[in-house]
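Let's take a walk through this one together. Have a look at the chains first, then read on.

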Amino acid sequence: MDYLFSVAAIAGINIIMALSFYLPFITGQISLGQAGFMAIGAYASAVCSVKFGIPYVPAVLLGGVMAGVAGFVLGMPALRIKGIYLLLLTMGFGEIVRVIFINIDYVGGAAGLGGIPYQEYTTLYAYGTVVILTVFFYRLRKSRMGRAFQAIGDDEDTAEIIGVNIATAKLTAFSVGAFIAGIGGGILAHFQEYIEPLMFGVMHGVEFIVFAIFGGIQIFWGPIFGALALTFIPEFLREIQEWRMELYGLLLIVMMIVRPQGVIGLDVIKWIKKKLLRIR
Amino acid sequence: MLSIEGVSSGYGKILAVKDVNLLVEEGEIVVLLGANGAGKSTLLRTISGAMKPKSGSIIFKGQRIDGKKPHLIVKEGVVQVEEGRGILSRMSVKENLDMGAYLRSDKDGIMKDLERVFQKFPRLKERLNQNAGTLSGGEQQMLAIGRAMMANPKLLLMDEPSLGLSPNFVELIIRAIREFRDQDGYTILLVEQNAKKALDIADRGYILETGRIVLEGTAQDLLNNEELQRAYLGRDAKTRED
């Protein structure tokens with residue numbers, strides 16, 4: 001049971017991370033740097049708890065804010081570049097964050113930072129955050145800002161001509177995405193009790209992208225489903241754990257060919273809604 | 001209404017538009033003619049704020065708009081219809097039209113304008129929930145124009161609205177543009193390849209060649225200009241139905 005709960009907690013954190021990738025993705029910004037923002041959130045919140053004795057909730061929130069500020073700063077140069085160049089920029093950012101933490105003795109350097117107070121109710125907090133995010137994304141979809149995000153993701157030049165302030169919108173999406181990643185990092189830090197720079201490598205950034213692409217990118221239910229499925233399935237099929245990254249690669253190729261919109265597309269949502277209505 | 005004074009603009013060091021002066025009075029259709037690469041689209045993009053002019057000033061209703069952000073220029077009532085339609089292909093027709101009114105909050109006015117779009121382009125009403133990417137070329141052009149109507153424009157910048165359309169659609173679009181001036185009270189700056197058709201409905205025109213204005217005048221004068229007939233209209237333009 002403990003084991004199941006711990007996997008569930010990790011799955012919850014992974015959902016948060018997949019959604020943190022998904023928000024800027026709606027505006028066409030593909031970030032490989034979410035693990036970097038996660039690291040900032042994890043370290044900032046851990047320092048708050050360990051060095052200053054700040055309680056759990058404010059510590060995690062502060063971690064999110066720190067990551068959000070970093071997102072804002074990185075988001076500005078990110079406005080000017082697209083596609084593969086943005087990928088490289090965010091990937092470089094993730095690595096730089098890691099290297100910086102390795103070199104800060106105050107937070108333990110390469111040896112990592114231990115003694116972080118354990119949060120017994122991590123599962124609860126993680127899924128509480130997921131619920132809040134779900135409501136946020138649901139409302140965003142119907143909102144003016146959400147439609148502006150989608151328009152930018154669809155065609156940036158056209159969105160600009162319609163009158164969308166694309167700089168503000170993209171920067172907002174990027175910073176809030178970083179904030180969400182920071183929250184994920186804070187929750188992780190207080191679950192593991194110990195963090196080290198190695199935990200936030202670029203491969204994790206790739207993993208979060210795989211969650212979203214596999215689960216679906218048309219609607220926020222996609223990343224949620226992707227993170228859940230890809231966290232639980234490998235846990236129960238222990239033999240494939242080792243080959244996880246290889247399987248992710250294969251999975252992505254197959255998805256691109258068979259179902260590029262991901263498992264949970266708008267058609268699936270429509271189908272589920274219809275079924276639910278019939279039951280009622 | 002719109003006055004462009006000594007504007008130069010371009011990408012990097014190369015100027016696609018050089019020292020252009022151009023005037024659009026309220027209630028006019030002004031057509032901008034020129035060969036490919038003459039700088040027509042660059043000029044439109046500079047007016048709409050997508051590009052910043054290197055020098056000169058652009059004045060709309062007594063206010064300088066050059067250097068302003070595009071969304072602020074749209075707010076002033078200067079709305080562009082892009083070349084190559086520029087629709088949001090992953091959104092439905094309805095969502096595209098809604099996005100046209102992105103900067104507005106007057107619900108009644110928006111509803112009224114939506115009805116006007118449907119009146120003008122009934123086809124869009126039939127396709128309301130269809131994905132915009134699945135529309136035909138002509139329908140996409142209607143949608144792009146309809147979306148611009150939703151922004152409640154005062155000045156409409158239209159970049160080659162008849163490009164690549166079948167003759168029927170060209171007729172429909174040209175008629176729509178004429179009605180914009182005569183019924184809807186829009187002022188229009190029109191870039192067109194189809195010189196004869198454009199001059200037929202326009203009040204005045206400018207000819208752009210390698211970034212400079214080389215000729216300007218009333219539409220009638222331009223239609224009768226011999227040099228222009230040779231260059232853009234074909235020798236027997238007056239008798240041929242283009």
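In what order do the four strands of the open sheet in chain B run? The order is E2-E1-E4-E5, with antiparallel pairing. (Strands are DSSP runs of E, at least two residues, and helices are runs of H or I, at least four, numbered from the N terminus; two strands pair if DSSP finds at least two bridges between them.) This is a predicted model, where local features need pLDDT of at least 70 and side-chain atom pairs count only at pLDDT 80 or more, while totals for chains, interfaces and linings use all residues. Residues are numbered from 1 along each chain as its sequence is written, and chains are lettered from A and ligands numbered from 1 in the order in which they are written.

Strands E2 (14-24) and E5 (63-64) of chain B sit at the edges with a single partner strand each, so one side of each has no neighbour in the sheet. E5(B) pairs with E4 (residues 55-60) of chain B in the antiparallel sense over two bridges, and B:Ile59 has B:Arg64 as its bridge partner in E5(B).

Now over to chain A. The axes of helix H1 (residues 2-26) and helix H10 (residues 221-236) of chain A come within 8 Å and cross at roughly 145°; axes are lines fitted to C-alpha atoms, for helices over the stretch in contact, with angles from 0 to 180 degrees between N-to-C directions.

Finally, the two chains meet: 14 residues of chain A and 20 residues of chain B make the contact, meaning C-beta atoms, placed from the backbone, within 7 Å. On chain A, helices H6 (144-154) and H7 (156-162) each supply at least two residues of the side touching chain B.
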